[in-house]
Amino acid sequence: MEDFALAPVPRRGLAPDQSLQTPPGLYAAMDAAFGPFDLDVCASEANHLAPRWFTEEDSCLAHEWGPNPETGKPAIAWMNPPFHEDTGPGDKVAKALDEAL
């Protein structure tokens, strides 16, 4: 996926703490439309919304995302990546594309 590139992401109102959870109502709507999600790839012990998750320390970039070890089916991943000042979500989006192909 070397040819994949993201447009610059405008930086507005970044939270100093990158541990914010996706609003549960938004997650529920997306889960109903595209899920059920079984893997939250940018989460923490405190804010994960799917039954399996990767923390920042685990690094979703360092692991394969599926299949689900309990079902053997391909993972259906949810991602709401943190937006750090020095990096955008590009590396995680590229990983999602690689995992989907």
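These legends describe close-up views of one predicted protein chain. In this predicted model, local features need pLDDT of at least 70 and side-chain atom pairs count only at pLDDT 80 or more, while totals for chains, interfaces and linings use all residues. Residues are numbered from 1 along each chain as its sequence is written, and side-chain values use heavy atoms, with hydrogens and water left out.

View 1. Along the sequence, the pattern is α-β-β-β-α. Helices (H or I, at least four residues) and strands (E, at least two) are DSSP runs, numbered from the N terminus. Of the 101 residues, 23% are buried. Buried means under 20% relative accessible area, exposed means over 50%, and partly exposed lies in between (1.4 Å probe, protein chains only). The accessible surface comes to about 6800 Å². Carbon and sulfur atoms hold 58% of that surface. Such areas come from the Shrake-Rupley method with a 1.4 Å probe; for residues, only the protein chains shown count as cover. Among contacts between residues at least 6 apart in sequence, 55% join residues at least 24 apart. Contact means heavy atoms within 4.5 Å.

**View 2. Strand β1 holds D40.** D40 counts as buried, at 3% relative accessibility. Leave out residues up to four places away in sequence, and D40 touches N47, H48, L49, A50, R52, W53, F54 and W78. A75 is 35 residues from D40 in sequence, yet their C-alpha atoms are 9.9 Å apart.

**View 3. A50 sits in the loop between β1 (39-40) and β2 (52-53).** Its relative accessible area is 2%, so A50 is buried. Neighbours within four places in sequence aside, A50 is in contact with Y27, F37, D38, L39 and D40. I76 is 26 residues away along the chain. The C-alpha atoms of A50 and I76 are separated by 9.7 Å.

View 4. P36 lies in the loop between α1 (24-34) and β1. P67 is in the loop between β2 and β3 (77-78). Most peptide bonds are trans.

**View 5. S59 has a positive phi, near 60°.** S59 is a residue other than glycine. Most residues of that kind have a negative phi. S59 lies in the loop between β2 and β3. At 25% relative accessibility, S59 is partly exposed.

**View 6. Helix α2 has buried residues K92, A94 and K95.** Seen down the axis of α2, its buried residues fall within an arc of 160°, so they line one face of the helix. The arc is that of the directions from the helix axis to the C-beta atoms.

**View 7. The second largest pocket has a volume of about 170 Å³.** Its lining is W65, G66, P74, A75, A77, A96, L97, E99 and A100. Helix α2 (residues 90-100) gives the largest share, 4 residues. By class, the lining has 7 nonpolar, 1 polar and 1 charged residues. Ala, Val, Leu, Ile, Met, Phe, Trp, Tyr, Cys and Pro count as nonpolar, Asp, Glu, Lys and Arg as charged, and the others, Gly among them, as polar. On a 1 Å grid over the protein atoms alone, a pocket is an open set of points where a 1.4 Å probe fits, with protein on both sides within 12 Å along at least five of seven lines; lining residues have an atom within 4 Å of a point. Grid points are joined across faces, edges and corners, and a volume is the space filled by probe spheres set on the points.
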